[in-house]
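Please open the structure in a viewer and keep the sequence panel beside it.

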Amino acid sequence: MSLSRRSMVIGAALAASLPPLARAAGEQKVLRLQTRQIEVDGKAATRYGVVQASGAFGLSLNDGDELDVRLENALSEPSGLHWHGLTPPWRQDGVPYSSGPPIAPGQSADFKFPARPAGTRWMHSHFGLQEQDLLAAPLIVREAGALASGVQEVVILLQDFSWTSPLELFAGLRKPKPEMAMAGGGMNLSGGMMNMSKPDLNDIAYDAFLANDRTLADPQVIDVGKNAEVRLRIINGASSTNFMIDLGAIRATLVSVDGNPVAPLPVRQLPLGIAQRADVLVRVPADQAVPVLARGEGRTLQTGIILRPAGAAVTRIANEAKEAAPAVGLEQEMQLRAAEPLPARPVDRSVPVELTGTMAGYVWGMQVHGMGGAPVTVKRGERVELVMRNATMMAHPMHLHGHNFQVTEINGQRLEGAVRDSVLVTPMATVKVVFDADNPGLWAYHCHNLYHMEAGMFTTVVYEGFS
């Protein structure tokens, strides 16, 4: 949903390897939204960032902490941050004109609530198209078990980058394209079916993919111990790109998705939809540097970081892989099992949500109970099921604010799947999730592809009788 139509240059913030925090109890953190410069393949780019007073990027807390933040807007535009994956009181969710007004230039706002649930979260602007210009940062709430383990942690924030302004990108997407009606366009607005022979993987041909602000022309190299175990916290902070993570031949185990623990799953490749996160334990060899790479689905363009044991040589890796990444699907999603599932109970309310749209004209939407623009209404205390059916030939990463849900069915196959806050619904697929209505308010519920959301794939979950 469009909240600003002016061109903006914005930036991302990130943490690469987050040391334990030493801070006084009850200390308020100051986060400032401000401009900064990054270098993309040898060229300078001015963007915005989320910066602490110390100059540190992002925010790291520990299990049991409060998020106690004064957010200062030093930009020339209204802005703010959404605390993605946390479950704050509704009024502190950071969605402008929904949970509260945006923060005006030169002004600040205070946020204070329990930082839960613990895990790999992130924060990003929900104002206009600011997220495309990288106004995002890691928000890590270290789990008690992770703190006790003493394992080194490395945070990787993945983003997509264009030299073209977000408004120009969006305007290009919305230009009439009648030819799209015959190739992967999905459901047209009158309900007629189009040719479904070819899914559309990417709306935008990005100029670069970034891992912690950098391309493989100058990747971040992180020193790790020989034969050390490292916990990777990987965040897909892209605006319009699903990634395939390539961990090479090293031993790797997926232990958490969207900050929520799963039964350990050995992995070599890892699909990561927009807004999703994955925690992976890897064992680094004693004498070999290990690249952690991410390719955009359907593309050879890639990015990544390097884990380097002492004395290991680092080999240059090209920005282009030899083969394009496959489409990000749901095969691995169907293997995931929640380590801490929601309590078993009957569903009180089942809500059909049809995901609609077309590349011709670039209009996207959500139909709740068959009605475009209608909210999902719930009562406090209910177990709610969302039945998401994708009637288009694009994947949609669907995110619900203020709650975590459990994946319970994919294309008719029941499962005790992962607990998440963002799930990918692939072309023509049906995905069911359940959540407990335990956080009253007016909550955003939308596709996390920024341009799909801007073009209309956005609704709300509304509690009956809340105030």
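How many cavities of 30 Å³ or more does the structure hold? The structure holds five. On a 1 Å grid over the protein atoms alone, a cavity is a set of points where a 1.4 Å probe fits but cannot get out, and lining residues have an atom within 4 Å of a point. Grid points are joined across faces, edges and corners, and a volume is the space filled by probe spheres set on the points.

This is a predicted model: local features need pLDDT of at least 70, side-chain atom pairs count only at pLDDT 80 or more, and totals for chains, interfaces and linings use all residues. Residues are numbered from 1 along each chain as its sequence is written, and side-chain values use heavy atoms, with hydrogens and water left out.

**The whole chain**

Display the protein chain as a cartoon: three helices and 33 strands are present. Helices (H or I, at least four residues) and strands (E, at least two) are DSSP runs, numbered from the N terminus. Of the 467 residues, 60% count as buried; buried means under 20% relative accessible area, exposed over 50%, and partly exposed in between (1.4 Å probe, protein chains only). Among contacts (heavy atoms within 4.5 Å) between residues at least 6 apart in sequence, 77% join residues at least 24 apart.

**The largest cavity**

Next, select Pro 271, Leu 272, Gln 276, Glu 333 and Arg 420, which are the closest to the centre of the largest cavity among the 17 residues that line it. Its volume is about 120 Å³. Strands E15, E17 (269–272) and E18 (277–283) each supply at least two residues of this lining, and E17 gives the most, with three residues.

**The largest pocket**

A pocket is an open set of grid points with protein on both sides within 12 Å along at least five of seven lines. The largest one has a volume of about 580 Å³. Select Pro 117, Asn 260, Glu 340, Asn 404 and Val 419: of the 26 lining residues, these lie nearest the centre of the pocket. Helix H1 (144–149) and strands E15 (252–257), E16 (260–266) and E31 (430–436) are the elements that give two or more residues to the lining.

Remain at Pro 117, in the loop between strand E6 (108–114) and strand E7 (119–124). The peptide bond from Arg 116 to Pro 117 is cis, with omega near -5°. Most residues other than glycine have a negative phi, and most peptide bonds are trans.

**Two positive phi angles**

Select Asp 41, in the loop between strand E1 (29–40) and strand E2 (43–52). Asp 41 has a positive phi of about 50° although it is not a glycine, and it is partly exposed, with a relative accessible area of 37%. Then move to Asp 213, in the loop between strand E11 (208–211) and strand E12 (221–224). Asp 213 has a positive phi of about 75° and is likewise not a glycine. Is Asp 213 buried or exposed? At 11% relative accessibility, Asp 213 counts as buried.

**Aromatic rings**

Rings of Phe, Tyr and Trp (its six-membered ring) pair if their centres lie within 6.5 Å; planes under 30 degrees apart count as stacked, over 60 as edge-to-face and the rest as tilted. By this rule the count is eight aromatic pairs. Select Phe 161 and Trp 163, an edge-to-face pair at 4.8 Å centre to centre with 85° between the planes. Phe 161 counts as buried at 1% relative accessibility, whereas Trp 163, at 35%, counts as partly exposed.

Continue to Phe 170 and Tyr 451, which are stacked at 6.1 Å centre to centre with 25° between the planes. Phe 170 lies in helix H2 (residues 166–174) and Tyr 451 in helix H3 (residues 450–454), so the pair ties together parts that are 281 residues apart in sequence. Both residues are buried.
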